[in-house]
Amino acid sequence: MPPEPTHRRSLVKAAVVGGVAVGAVGVAVRLDPSSRPDDDLAPGGALELSADSGSDVKALEVPLDDSMLQRSSQARWSTKALPTSVHSMVAVTWLGESAAEVSVRSKVAGRWGQWAVLPSLDDHPDPSDPEDTAVRGTHLRWVGPAEGVQVQVAGERPEALTLVLLHPQPRASDADEVPTSLTAGRTMAAREGDPVPRPTIRSRRAWGATESWRDGSPRYNPTIEQLHVHHSASGNDYSRTDVPALIRGFYRYHTQNLGWSDIAYNFLVDKYGRLWEGRAGGVAKPVRGAHTLGFNATSTGVAAIGNYEVAAPSKAMLGALADLAAWKLDQYGRRPRGKIQVRSEGSDKYRAGTVATLRIIDGHRDTNDTACPGKLLYARLPDVRSDAHRIVERYRNADKQVRATRRPEVTGRTRPGKRLSVDPGAYDPAGAKVSVQWRRDGKAVAGATGLRYRCTEADLGSEVSVLVRATSPGAEPAQDVVTAGRVTIPVKVVTKARSRRGKVRVVVDLVPAQGMDVTPTGRVSIKVGSRTKTVAVRDGQVRTSLGARKPLRAGPRRVVVAYTGDRACNPAQGETAVEVDGA
């Protein structure tokens with residue numbers, strides 16, 4: 001039988017005994033030795049993830065004790081290749097400080113990938129903060145739908161080493177888009193003395209926060225002196241629709257595995273230039289985060305989703321960081337290109353009480369001994385500071401400019417044959433002339449200059465946006481780019497299954513709606529009873545079998561198929577039933 005998970009924050013909170021913090025035993029899951037032979041997991045004995053009540057984020061914690069880790073050399077241990085139900089994120093936690101190096105590899109679509117080191121997570125509450133716990137761990141790595149995992153440990157094994165597997169289930173709402181200004185500060189003209197406008201920030205509700213996971217009420221800093229830039233080190237091969245699930249995974253890991261009161265970061269930004277609300281308490285307020293050890297008391301923190309030690313940040317991401325920094329720092333009169341003296345509450349770089357001179361917009365490595373936010377993003381922080389400075393100066397020193405008093409918005413559905421409409425907004429002076437240009441993947445669509453736009457098959461899989469420009473004689477124009485979203489179509493999952501001698505043959509056809517000439521790609525996850533298999537889609541179809549090695553038990557079974565979707569096709573599910581005959 002698969003192990004039963006237990007998800008309680010009390011398991012990871014530190015117990016205080018005689019004034020000394022002692023890590024509470026963090027064993028949330030153990031394999032039952034009677035359920036498998038000593039030499040390997042039994043066929044069909046895959047590690048099974050499950051979700052807490054009221055959540056669709058599946059999880060499993062597996063202690064990496066002597067029964068799981070085998071010594072391969074003097075200071076190196078590894079697990080066997082462990083079959084699992086579908087998971088998409090992986091991390092490892094432990095108690096106390098450790099210099100051990102942890103590596104994992106994952107089995108995706110039937111193939112084992114390369115080994116990858118899990119970087120240690122250096123984003124933390126301050127040491128004197130009641131939110132801090134004895135639990136430490138790695139960054140949470142995004143691997144996509146995987147059905148197997150293997151772990152290696154090099155160096156001295158830390159105490160209570162635990163494998164964490166997560167699978168935030170895809171939701172239909174993950175594909176939803178809201179009107180977005182890609183460069184809010186730089187595209188909206190200003191009137192002298194106006195505050196920098198707030199860029200579009202997607203809410204916790206938009207990414208699907210389970211609010212019951214939060215522990216206690218938000219806390220607030222007296223001011224904001226700095227903006228610290230981080231990266232999630234979680235991987236870069238995510239799609240637009242993966243982002244809400246990724247954030248749900250970070251949130252679950254931070255609260256339920258590391259024991260923090262909420263997600264660590266105040267904000268997150270994805271490679272598509274979209275800003276997301278992180279920690280609860282109000283994006284316009286000085287919410288205290290748990291992101292920069294020793295420097296959380298007077299700062300705000302933003303995490304760039306991805307690993308920017310190995311990939312360069314996108315132009316859209318850098319623009320969004322500048323917009324966020326200009327707006328947030330302008331509220332407190334901070335200069336984006338300036339420096340400030342800040343007293344440390346205790347970090348591995350500045351001991352408690354040390355007054356450090358730091359950039360107002362800095363990278364995590366400036367305050368802690370870490371590679372965060374990655375060398376390629378860190379190298380672009382001067383550009384972020386300069387862009388944020390120009391945005392602030394534009395509003396401080398604006399002269400004759402057209403100013404938006406109400407920003408443009410797009411309504412409608414991004415589906416072939418459906419109509420989009422743009423409300424161009426309102427401007428000062430009132431007689432400003434407004435022009436509209438619809439765009440496909442950033443390029444103008446010829447002749448599409450009206451307030452309405454009908455999506456066509458040519459738009460399928462592309463991002464549709466609209467450029468709205470307002471001009472007035474003798475004044476600098478104002479312009480705004482509003483994203484309508486990617487044009488996609490629903491897909492019908494047609495599933496057939498038959499059984500012979502305990503083996504179930506499953507045939508899946510993905511049928512695009514409206515007779516569109518498109519071939520779905522991506523992956524499907526197929527579950528028959530307790531068996532799960534993830535298979536790549538080929539030519540819009542999947543042909544596979546379950547139970548070939550170990551036949552399924554006889555009896556009726558549900559066959560549940562989940563399609564991940566792709567650029568042009570929405571995620572979808574389908575199911576059927578099969579009567580499994582005896583082997």
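Predicted model: local features only at pLDDT ≥ 70, side-chain atom pairs only at ≥ 80, totals over all residues.
**Close-up 1. The salt bridge between aspartate 126 and arginine 288.** The side chains of aspartate 126 and arginine 288 meet in a salt bridge at 2.7 Å, N to O. Aspartate 126 lies in the loop between β10 (116-118) and β11, and arginine 288 in the loop between β17 and β18, so this pair ties together parts that are 162 residues apart in sequence. Both aspartate 126 and arginine 288 are buried.

Close-up 2. Arginine 219 forms a salt bridge with glutamate 131, in which the closest N and O atoms are 3.2 Å apart. Here too the pair links distant parts of the chain, with arginine 219 in the loop between α2 (204-207) and β15 and glutamate 131 in the loop between β10 and β11, 88 residues apart. Arginine 219 counts as partly exposed at 34% relative accessibility, whereas glutamate 131, at 4%, counts as buried. A network of salt bridges links Asp126, Asp129, Glu131, Arg219, Arg279, Arg288 and Glu345, and the count of salt bridges in the model comes to 27.

**Close-up 3. The six-stranded open sheet and the pairing of β16 with β17.** Six strands with mixed pairing form an open sheet in the order β14-β17-β16-β18-β15-β21. The strands β14 (201-202) and β21 (361-363) stand at the edges, each with a single partner strand, so one side of each is left without a neighbour in the sheet. Within the sheet, β16 (residues 267-269) and β17 (residues 275-277) run antiparallel and are joined by three bridges, with phenylalanine 267 standing opposite glutamate 277 in β17.

**Close-up 4. Helices α4 and α6 against the sheet.** Helix α4 (residues 315-330) lies across β14, β15 (226-231), β16, β17, β18 (299-304) and β21, and runs at about 155° to β16. Helix α6 (residues 381-396) also packs on the sheet, where α6 touches β15 and β21, and the direction of this helix makes about 165° with that of β21.

Key. Residues numbered from 1 in each chain as written. Heavy atoms only, no water. Pairing = 2+ DSSP bridges. Helix = DSSP H or I, 4+ residues; strand = E, 2+ residues; numbered from the N terminus. Contact = heavy atoms within 4.5 Å. Axes fitted to C-alpha atoms, helices over the stretch in contact; angles between N-to-C directions. Salt bridge = Lys/Arg side-chain N within 4 Å of Asp/Glu carboxyl O. Buried < 20%, exposed > 50% of the residue type's maximum accessible area, 1.4 Å probe, protein only.
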